[in-house]
Amino acid sequence: MSPDPTSQQLDEETPLLQSEGNSTPAKKPQTPLPWRQFSMLLVLQIAEPMTSQVISPFAPQLIRDIGITHGDEALVSFYVGLLHSLFFATEALTIFHWSRLSDYIGRKPVLLIGLFGLSLSMFCFGLSKTFWSLVISRCLNGALNGNIGVMKSMTAEMTDSTNMARAWAFLPLAWSSGSTLGPLIGGELARPADRFPNIFGDSAFLKKYPYFLPCAVPATVSALTWIIAFLYLKETTTPRININQLLPWKKRKISPSPALEPLPVSSPISDKPVPIRALFVRRVLIATGSYAGIALIDIAFRTVQPVFYATPISLGGLGLDTPTIGTILALQGILNGAMQPLAFARLYDIMGAKKLWLFAVTCALPTVALLPTLNTLARSSGVVQSIWYLVTLQVALMGCMSFAYGISFMYITAASPNRASVGATNGFAQVIVSIMRAVGPAAANSAFSISIEKQYLGGNLVYFVMVGMVCMAMGVGILLPRTM
């Protein structure tokens, strides 16, 4: 007698977010995306990369201005990398708890807390006059930021297997929009009293705090997106705990929520979040490893890139000014944002998940190799037209690298033990990625500083370190399953 398919047991190797039509060869019709709610989620996601990337163009000059390096140019990249790493280090300590909390109290309250943290920390950063105040601001930013994992969970809950690829193609567009606006704002509005004396030349406040204006813009955007989320964004999961129950002065006034009552024995596991130990299975670890790999490469390159552009040619860089760096990073965000919705879903259908991920990560090799190539050409001929052609090629390759993010997000969602644990799974993945993003800037920029100061491997040590990161990521990518 043939076995009843409904009696099949789930084990740790079974994808639990599989489509219902797996047993039939017919392709399911594509479900339309819920554009009203999904578009609001895209708008909200712009705030985070804007706040993180706005400091990139002026961070090297900011470090010089506060005097922490005492005029040692080789130390600039180290302290810039430290500022980037602090955000992700503190985020790694808290992101899982925020994501886990969102499984219980809902996604929206955690999202609102994260937006508040982004706004507050950026205002503090703009008012900082010492290195330690910068450190505190970045740590505050990371500790209160639970948005990354929550937004991915909300995307998974708004979509199904037929439209998930389309959704993940649009998310990088929002991220790239923020990544475009952030460097543009940081590059154009830093030191406004010097750059626009006719408008801001009489402002004693902006002379005292020359980096407040570029920080205030994304802080204000975060505050406005908080209002949008509070008024219009709908919850995508059923909260198991009323948030009032977490307030100590209201505990006696609120009767116990039915969600806290023990579930019947017959209740399926998909009705409740699984224990943390259930996340330590092969499919979750490999999916998380793929995300961590591309995140490490990406953040290492993005932190070295503006420092390389700002470093004098004689020391191994290109010697570009802050507005030019901001423009390059903005154009990089525009191109990346255009490539994702136009090409991601189509390439996914043609190549499949695993091949597309490996192709995207492989693009990192020529992207890194172009850095020493640019400096060699600049030493011999100066910043000539061919330099800009190579910079454009580098920017295009960065856009191809970003395809790996969407694939990793889909693998992580498919690896979740059940629907009720999507937040915890994304939170766990984000913890590992935050650790990589904390290690990446510090390791890459420290290697860059040592390369300049000690001239190891002819000043190219940092590029060998980054190539090693790419090779490790590709080793993880080979383990990805061909299908989800």
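The structure is a predicted model, in which local features need pLDDT of at least 70 and side-chain atom pairs count only at pLDDT 80 or more, while totals for chains, interfaces and linings use all residues. Residues are numbered from 1 along each chain as its sequence is written, and side-chain values use heavy atoms, with hydrogens and water left out.

Arg191 forms a salt bridge (a side-chain nitrogen of Lys or Arg within 4 Å of a carboxyl oxygen of Asp or Glu) with Asp65, and the closest N and O atoms of this pair are 2.8 Å apart. Because Asp65 lies in helix α2 (residues 59-66) and Arg191 in the loop between α7 (164-189) and α8 (192-195), the pair ties together parts that are 126 residues apart in sequence. Helices here are DSSP runs of H or I with at least four residues, numbered from the N terminus.

Through shared partners, salt bridges join Asp65, Arg191 and Asp194 into one network. Asp65, at 37% relative accessibility, is partly exposed, whereas Asp194, at 52%, counts as exposed.

## Another salt bridge

The side chains of Glu188 and Arg195 meet in a salt bridge as well, at 3.3 Å from N to O. Glu188 is partly exposed, with a relative accessible area of 26%, and Arg195 is partly exposed at 34%. By the rule given above, the count of salt bridges comes to 5.

## A nonpolar surface patch

A nonpolar surface patch of about 930 Å² is made by Val43, Phe116, Leu120, Leu224, Trp226, Ile227, Ile228, Phe230, Leu231 and Tyr232. Patches are made of residues with over 30% relative accessible area and no salt bridge, with nonpolar side chains (Val, Leu, Ile, Met, Phe, Trp, Tyr) joined within 5 Å and like charges within 9 Å. Accessible areas come from the Shrake-Rupley method with a 1.4 Å probe, and for residues only the protein chains shown count as cover.

Helices α4 (107-126) and α11 (212-232) each supply at least two residues of this patch, and the largest share, 7 residues, comes from α11. Tyr232 lies in helix α11.

How values were computed:
Buried < 20%, exposed > 50% of the residue type's maximum accessible area, 1.4 Å probe, protein only.
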